[in-house]
Amino acid sequence: MRLKDKTAIITGGASGIGRAAVERFLEEGARVVIADYNQDQGEQLVSELTDHQGRVAFCQTDVSNEAQAKAAVAFTLETFGRIDILVNNAGITRDAMFTKMTEDQFDQVMDINVKGVFHMTHAALPHLIEQGSGKIINTSSVSGVYGNVGQTNYAASKAAVIGMTKSWAKELGRKGIQVNAVAPGFTATPMVEKMPEKIIGQMTSVVSLQRLAKPRDIANAYLFLASDEADYVHGHVLHVDGGIMM
Ligand SMILES: NC(=O)c1ccc[n+]([C@@H]2O[C@H](COP(=O)([O-])OP(=O)(O)OC[C@H]3O[C@@H](n4cnc5c(N)ncnc54)[C@H](O)[C@@H]3O)[C@@H](O)[C@H]2O)c1
């Protein structure tokens, strides 16, 4: 049990990679709060996790809203008494070629992918600092590392996540708080499955392993960074992308 007696908040835990992380963390003994915008999907997931009742709870949260981020942290402390791990996984895309991209599409992605990470971490930090320990895992993307056609807003947001990760690693290491990021490659989740088949084919063709990631492939990277095995990994961006040559 790699996360026995640890408490984790996983944002965007109702779907895709976040959902796989919820399942993986529970399998390894953690207590988990799913902080997700989608109430139906979040509550449905909790009701399906029958083997882990009492160790998993849902808190409807819009991470882009400061008050709701604070409420998710307060809910976790009331429910499980502590927070050891924060996985800032919630994210959205609003893709368009740059000439057609609207300010609204840019702002929506920035609000959730960047400000959401800011608000959740801001809300959890006083507790982690008082505790003198904690692991923060931020979700970036290969798009944030290499850029991507049709994803100016998303790539900018995911590059910002790397910037925040490295800055927080510098500020918070001396307080006992570890901060890392995962940069997933193309992963078979609802975010990608809604794309045209042709685009999915093009995405797969640039992956050396010639397949999309499974959500569990990425969840396993979160698990590693959340576990004691990664106690000396800090300020790192872990690429989990099957070998992408963009
Ligand atoms: N799927 C990929 O190919 C891929 C690649 C690289 C990075 N990522 C990143 O991985 C993370 C998870 O992506 P996914 O593919 O599992 O997506 P997904 O769409 O399957 O799940 C995202 C979850 O986030 C939730 N969410 C959206 N807005 C929210 C908000 N404001 N507050 C709280 N929750 C909110 C949704 O309700 C959903 O449950 C995202 O940060 C995404 O950018 C995904």
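Mentor: Helices (H or I, at least four residues) and strands (E, at least two) are DSSP runs, numbered from the N terminus. The model is a predicted one, in which local features need pLDDT of at least 70 and side-chain atom pairs count only at pLDDT 80 or more, while totals for chains, interfaces and linings use all residues. Residues are numbered from 1 along each chain as its sequence is written, and side-chain values use heavy atoms, with hydrogens and water left out.

Thr-93 is buried, with a relative accessible area of 8%; buried means under 20% relative accessible area, exposed over 50%, and partly exposed in between (1.4 Å probe, protein chains only). Once neighbours within four places in sequence are left aside, Thr-93 is in contact (heavy atoms within 4.5 Å) with Val-109, Gln-151, Tyr-154, Met-191 and Lys-194.

Seven strands form an open sheet in the order 3-2-1-4-5-6-7, with parallel pairing; two strands pair if DSSP finds at least two bridges between them. Strand 3 (56-60) and strand 7 (237-240) are the edge strands, each pairing on one side only. From one strand to the next, the twist averages 20°. Strand 5 (residues 134-139) and strand 6 (residues 177-184) run parallel and are joined by six bridges, and Thr-139 has Val-182 of strand 6 as its bridge partner.

Helices lie against this sheet. Helix 1 (residues 16-27) lies across strand 1 (7-11), strand 2 (31-36), strand 3, strand 4 (85-88) and strand 6, and runs at about 170° to strand 1. Axes are lines fitted to C-alpha atoms, for helices over the stretch in contact, and angles run from 0 to 180 degrees between N-to-C directions. Helix 2 (residues 39-48) also packs on the sheet, where it touches strand 2 and strand 3, and its direction makes about 170° with that of strand 3.

Helix 1 also packs with helix 9 (residues 215-226), at an angle of about 50° and with the axes 8 Å apart. That angle makes helix 1 oblique to helix 9, since angles under 35 degrees count as roughly parallel, over 145 as roughly antiparallel, 65 to 115 as roughly perpendicular and the rest as oblique. Residues making the contact include Ala-20, Ala-21 and Phe-25 of helix 1 and Ile-218, Ala-219 and Leu-223 of helix 9.
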